[in-house]
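Please look through the structure shown below, taking the helices, the surface and the open space in turn.

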Amino acid sequence: MAKVGLIGLGTMGANLALNLAEKGFPVAVHNRSPEKIAPFVASAGDLAERLTAAPLLADLVSALTPPRAIILMVQAGDAVDAQIDGLLPLLQPGDTIIDAGNADFNDTRRRERSLAKKGYNFIGMGVSGGSEGARHGPSIMVGGPVEAYAPIREMIEAIAAPYEGSPCAAHLGPDGAGHFVKTVHNGIEYADMQIIAEVYGIMRDGQSRMPAEIGAAFAAWNEGPLKSYLTEITAEVLTTADPETGQAMPDVIVDSAGQKGTGRWTVIEALRLGQSASTIEAAVGARGWSAAREMRADAEPLLGGTKTITGLPDTDLETAMLGARIIAYAQGFAVLEAASRDFGWDLDHARTAEIWRAGCIIRSALLDDISGAFRSGTRGEALILAPQFTSRLALGAKSLRAVVCAAVEAGHPVPAMSAALAYFDTMRKARGTANLIQAQRDFFGAHGFERLDKDGSGFHGPWVS
Ligand code: 6PG
């Protein structure tokens with residue numbers, strides 16, 4: 001008998017199935033187009049003996065002993081509901097469906113509630129690390145009933161990436177908590193990628209440097225505090241040649257990047273929770289702008305006129321990137337904290353940071369310090385105040401200011417870095433300017449305000465309107 005079922009043999013699902021089989025867990029595999037199943041099993045080599053082909057859902061279900069665990073690795077959205085609808089008549093109460101895709105956590109909450117009423121368990125499981133991660137060890141963010149996680153915990157921990165011997169997998173909270181944390185992970189991923197792309201833009205367009213040279217700088221930065229998967233792959237991408245033309249790969253790629261939704265969801269949920277993850281917003285927005293290629297091509301001769309950037313040392317680029325990255329993480333954790341309170345999840349931010357240290361796309365040297373900061377009592381929304389970060393941020397902000405000023409002065413776009421700097425400048429000021437906003441609201445709408453010298457709210461100004 002198989003230990004677990006898996007539906008969806010796309011790249012991620014196939015790799016996850018091989019990972020499970022390799023770690024000793026026999027898997028029954030099913031795919032909506034069943035013709036993919038036999039070739040997949042046939043291509044699995046020695047692992048094929050731990051894979052059971054299940055051309056029908058009924059085959060998959062009967063290959064498993066109750067209480068069953070079935071992983072869905074299908075496209076987020078309607079396909080998940082369709083698979084659940086197909087499975088339910090075949091399952092027994094107590095069985096568990098695990099959605100391992102990038103689901104909208106609102107859907108996960110709805111599915112969990114509806115399945116719980118019928119006696120089934122539903123787990124929303126965020127899996128990060130791309131196809132390589134799925135095959136050899138991703139970071140796994142689990143949400144759902146804790147009692148449903150207990151029987152599969154050993155298996156999930158076995159397939160997760162290890163960090164210094166401890167698995168990068170954890171049950172983070174009920175219902176949609178795992179998918180929410182994965183969504184915010186992706187939001188931070190968007191921000192970090194955009195920050196890196198902005199530095200690349202400064203070096204390419206402001207400093208007229210070639211991809212190989214920029215790649216070498218990223219490779220050097222990857223030896224220091226910026227060490228991370230995204231820094232590392234950026235260096236590799238920049239120094240890879242296109243086999244067809246011999247040009248650097250980035251030079252043959254269209255400057256327009258798509259998105260599947262998780263970055264946007266982070267921003268939407270952040271705003272709903274009264275937060276602004278502005279570096280993530282900037283990154284999502286920049287992807288949107290990147291699609292306007294025709295308009296940008298029309299605009300350049302009309303409105304163009306960027307200047308060369310001089311006198312900006314690489315050390316400033318490095319330190320600015322670090323500062324912006326810390327702020328992106330800080331904003332991401334502030335969103336997690338707000339959601340944790342709003343949904344009553346009691347998220348353990350230190351644990352989240354710990355399971356992001358290996359396997360996932362945003363794994364970086366910073367995460368050790370981030371988990372340390374939360375372990376030593378830093379509040380979820382206040383990562384920038386942690387002793388681990390205040391001096392680094394002071395330096396980071398100095399460089400961020402130098403880089404943003406140089407870029408803005410020369411006309412090169414730095415939306416994420418300037419958003420990070422604006423957040424820093426806002427948060428380090430005890431008295432802001434919303435007193436004037438309160439007065440304006442009261443002036444035109446009698447919305448009332450609070451006073452510094454009196455308790456309570458609903459005061460009005462002596463304006464005559
Ligand atoms: C990961 C990635 C993964 C996927 C993103 C890409 O953590 O492994 O985030 O989930 O590559 O969904 O998202 P976009 O297509 O929206 O850039």
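How many residues does helix α1 have, and what distance does α1 reach from its first C-alpha to its last? In this predicted model, helix α1 runs over residues 11-22 and has 12 residues, and its reach of 16 Å from the first C-alpha to the last is close to the 16 Å expected at 1.5 Å a residue. Helix α1 is mostly covered, with 9 of its 12 residues buried; the buried residues are Gly13, Ala14, Asn15, Leu16, Ala17, Leu18, Asn19, Leu20 and Ala21. After α1 comes Gly24, a residue whose phi is positive, near 100 degrees.

On the surface, Phe443, Phe444 and Trp463 form a nonpolar patch, and together these residues have about 350 Å² of accessible area. Phe444 has its place in helix α20, which covers residues 434-445. Phe444 counts as exposed because its relative accessible area is 63%, whereas the cut-off for an exposed residue is over 50%.

The last topic is open space. The largest pocket holds about 2,000 Å³ of space, and of the 43 residues that line this pocket, the closest to its centre are Ala197, Tyr200, Arg204, Asp255 and Ser290. Which helix supplies the largest share of the lining of the largest pocket? That share comes from α9, with 11 residues, while α9 (177-206), α11 (229-238), α13 (278-290) and α14 (293-303) each supply at least two residues of the lining.

Definitions and conventions
Residues numbered from 1 in each chain as written. Predicted model: local features only at pLDDT ≥ 70, side-chain atom pairs only at ≥ 80, totals over all residues. Heavy atoms only, no water. Helix = DSSP H or I, 4+ residues; strand = E, 2+ residues; numbered from the N terminus. Expected span 1.5 Å × (residues − 1). Buried < 20%, exposed > 50% of the residue type's maximum accessible area, 1.4 Å probe, protein only. Patch = residues over 30% accessible without salt bridge, like charges linked within 9 Å, V, L, I, M, F, W, Y side chains within 5 Å. Areas by Shrake-Rupley, 256 points an atom, 1.4 Å probe, with all protein chains shown as cover. Salt bridge = Lys/Arg side-chain N within 4 Å of Asp/Glu carboxyl O. 1 Å grid on protein atoms, 1.4 Å probe; cavity = no way out; pocket = protein on both sides within 12 Å on 5 of 7 lines; lining within 4 Å. Points joined across faces, edges and corners; volume = space filled by probe spheres on them.
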